[in-house]
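Welcome! Please take a moment to look over the model below, and then let us walk through it together.

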Amino acid sequence: MELVTHTIQTNELKCRSNIQATLEDDMNVPDTKPDIEKLVKTQGKIQITDISPSEGKVTVRGNLSFSLLYSSNDDIRPIHNMKGQIPFNESINMDNVTAADDVFCHFELEDCQASLINSRKVSIRAILSLDCCQNEQKNITIGTDIISEDAARAGMEESVPPEGLNKKFNTISYTQLALQKNDIFRISDEAVLPKGKPAIDTLLYYEITPQNVQTRIVEDGIRIIGDMLLFALYTPEIEERRLEYLETEIPFDGVVNCNGCNENMIPDIEITVSSREASAKPDEDGENRILDIELILKLQMKFYEDDELQILDDAYSTSCSLQLAKENINYEKLLMKNQSSVRISDHININNSDNILQICSSSGTIQIDEQEITEDGIQIEGAVTLDILYITDNDDRPLSMAKGIIPFSHLVEIKGISDDDSYELQSDINQINLIMIDKEEVEAKITISICALVFTSKSQDAITGITENPLDLEKFNDMPGLAGFIANENDTLWDIAKEYNTTPESIMELNGLTSSQIHKGDRLLLMKIVDGV
């Protein structure tokens, strides 16, 4: 007899490590720029250029690019900008990692601030969070059936089992990683200044933020739909108007190729901004009235599949001695994928000396402080930090920025979750709406999306090998040909038949049973069976 097997693939976390790194440097104002009177806004972004695993550690290299807006009294135009870059090289200890492993690194710029040393020098300080993990794919071989050697050699599935063989089956439900891929989604477009806006002389500052991003699996690809929110601050060619800005939304829709994915798969797609660029270019009349925009999104994609497998749970033979090799296997089952929205609002007081004349733009970051598994799901406590850029009523300092922190609490409903389950959380800001109450107060309304992917661990004794030996005739002859049996509480027909060298069908027929269910105290008549001898 031969054991028929099936291989399933599991994706286990081999090791994980995270660090917080502080990036610091002092930067001089370029000679072509005027002195700094006051810093208005600091913008930073991280670019990872290399992830190099080695024995027991991972080296992550990249750059922090920063952009500063500041006001100055030394020029006819009060608002200016400067840019710079700080390289970093961080080593993260990761036990069991080798140079041949693939390591994934999630990064987050938790804070980026600039402080004024003097009018020609600033200090840049940023906090970078790096979370690196290495997953190991394992192939688990599970016995699913037993067939004769002749059928195995012919490569055929046998409808009639070998003589005397009795088999019991079980069905397991599992989730396996079917496909994993990293890619980028490049969005290129143009924004044209409205007729009432003057042409661009110098582009001081811009933000390109993806909003309301949705993904959907199409055949061999991922369709990505959303909006780009563009904010551009510039000095116009008309000197009488010293500061102008443009704010607009640009929709995007495209497909990223992903061979092998299909609509039956469960996607886990993490989208982060890799780079954003904007530059002014002339229109047909030669005036800088067009903004060339490029947004590159980095996609980390995993696709899971739910499946069921009928496995061999137990087997014995009335014609031979059949020994089974068993192994306890571990696998995962997707408990739930939950996509929920959180709406929060609050009033923010502007404590700056300059009053609000007009709100220009706002950006925000989500900080999750606490996560706790409860009876009904995952309880999250966190806050959204807002940066509000606004035009003031002070002509000498026409631009200023205020910060606001809005706490939130949210329950991601996951029925049946336990402390032993593992989960992944992704959070994004979908929309920010600001309403000016008066010159010192703003009402903020924010929509957050939170996606949770929860896996539960399961274990199962699986048959991994069989050994066939001749029937022990001495033991068989010592067994009574006919015996009476009184069932105990946990007895089953299968266990009784296996012990007394008979079959469940024979016991049912001999005792006139219409069901395989037996109860404590049932009296049964048993007759041993031998086949092939």
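Predicted model: local features only at pLDDT ≥ 70, side-chain atom pairs only at ≥ 80, totals over all residues.

Rings of Phe, Tyr and Trp (its six-membered ring) pair if their centres lie within 6.5 Å; planes under 30 degrees apart count as stacked, over 60 as edge-to-face and the rest as tilted. With that in mind, you can find one aromatic cluster formed by Tyr 205, Phe 231 and Tyr 245.

Residues are numbered from 1 along each chain as its sequence is written, and side-chain values use heavy atoms, with hydrogens and water left out.

Across the whole structure, a search finds six aromatic pairs. One of them joins Tyr 304 and Phe 455, whose ring centres are 5.0 Å apart with planes at 55°, so this pair is tilted. It links distant parts of the chain, 151 residues apart: Tyr 304 lies in strand 12 (residues 288–317) and Phe 455 in strand 18 (residues 441–470). Strands (E, at least two residues) and helices (H or I, at least four) are DSSP runs, numbered from the N terminus. Are these two residues buried or exposed? Tyr 304 is buried, because its relative accessible area is 6%, and Phe 455 is buried too, at 5%. Here buried means under 20% relative accessible area, exposed over 50%, and partly exposed in between (1.4 Å probe, protein chains only).

Next come Tyr 316 and Trp 494: their ring centres are 5.0 Å apart and their planes at 70°, so the pair is edge-to-face. Tyr 316 is in strand 12 and Trp 494 in helix 3 (residues 493–499), 178 residues apart. Tyr 316 is buried at 4% relative accessible area, and Trp 494 is buried at 9%.

Now for the interior. A nonpolar core is a set of buried Ala, Val, Leu, Ile, Met, Phe, Trp, Tyr and Cys residues joined through side-chain atoms within 4.5 Å. The largest such core has 30 residues, and Phe 185, Ile 208, Met 228 and Phe 303 have the most contacts inside it. Strand 12 gives the most to this core, with seven residues.
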